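Subject: Structure handover

Hello,

I am passing this structure on to you. Please keep it open while you read the notes below.

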Amino acid sequence: MRTFSMQVQGATQYEHIEGVTSFVGEDESGSFGILARHGRMMTALSYGLARYQLQEGGWRYLAFPGGVLYFVDNVLYISTRRFLHDADYERISAGLLEQLLKEEEALRVVKESLFRLEQEMFRRLWQMGRRG
């Protein structure tokens, strides 16, 4: 069976995986698959889960907040800010959900801060207008 290698790199993580027979990911156009000897390809991966199969038949999963995929010379390169890697679908799905909820909470805090800053700016502008 033909295989290819895969290199996954995050800001603080790196994994080199040999013996990959297929990869299934998703970009803006939808799901796609890559087999060994695939032509050169580059795409922006969507937020979510991707999976790949090893030569011995087991599926493994990658979760990431988007990234760039590049396939050339029978090597698949994935660059992302961070990633989760697991053979257990349930565990990685839970990890992805937890990560998504944390990011949503962080975004809510930032939006709340910006709202308070905006309100304070309007209050000060109003006070300056009353003085002038």
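This is a predicted model: local features need pLDDT of at least 70, side-chain atom pairs count only at pLDDT 80 or more; totals for chains, interfaces and linings use all residues.

Residues are numbered from 1 along each chain as its sequence is written, and side-chain values use heavy atoms, with hydrogens and water left out.

The core

The largest nonpolar core has 21 residues. Such a core is a set of buried Ala, Val, Leu, Ile, Met, Phe, Trp, Tyr and Cys residues joined through side-chain atoms within 4.5 Å. Buried means under 20% relative accessible area, exposed means over 50%, and partly exposed lies in between (1.4 Å probe, protein chains only). Met6, Phe23, Ile34, Leu62, Leu69, Leu76 and Ile78 have the most contacts inside this core. At least two core residues come from each of β1 (4-9), β2 (14-27), β3 (30-35), β4, β5 (59-72) and β6 (75-79). Strand β4 gives the most, with five residues. Strands (E, at least two residues) and helices (H or I, at least four) are DSSP runs, numbered from the N terminus. In soluble globular proteins, nonpolar side chains tend to be buried together.

Leaving aside neighbours within four places in sequence, Leu76 is in contact (heavy atoms within 4.5 Å) with residues including Phe4, Met6, Phe23, Ile34, Leu69 and Phe71.

Thr43 is in strand β4, residues 41-54. Thr43 counts as buried because its relative accessibility is 14%. The side chain of Thr43 makes a polar contact with the side chain of Asp27, at 2.6 Å. A polar contact is a pair of N or O atoms within 3.5 Å; within protein, one must be able to donate a hydrogen and the other to accept it, and residues adjacent in sequence count only if both atoms are side-chain atoms. Not counting residues up to four places away in sequence, Thr43 touches Asp27, Phe32, Gly67, Val68 and Leu69.

Phe32 is placed in strand β3 and, at 14% relative accessibility, counts as buried. Beyond four places in sequence, Phe32 touches residues including Phe23, Asp27, Met41, Thr43, Leu45 and Leu69.

Six salt bridges are found in the whole structure. A salt bridge is a side-chain nitrogen of Lys or Arg within 4 Å of a carboxyl oxygen of Asp or Glu. Arg108 forms one with Glu105 (2.6 Å, N to O) and another with Glu112, where the closest N and O atoms are 2.9 Å apart. Arg108 and Glu105 are about one helical turn apart because they are three residues apart in helix α1. Arg108 is partly exposed at 40%, and Glu105 is partly exposed at 37%. Glu105, Arg108, Glu112 and Arg116 are linked in a network of salt bridges. Glu120 also forms a salt bridge with Arg124, at 2.8 Å between the closest N and O atoms.

Leu117 is found in helix α1, residues 89-131, and is partly exposed, with a relative accessible area of 48%.

Regards
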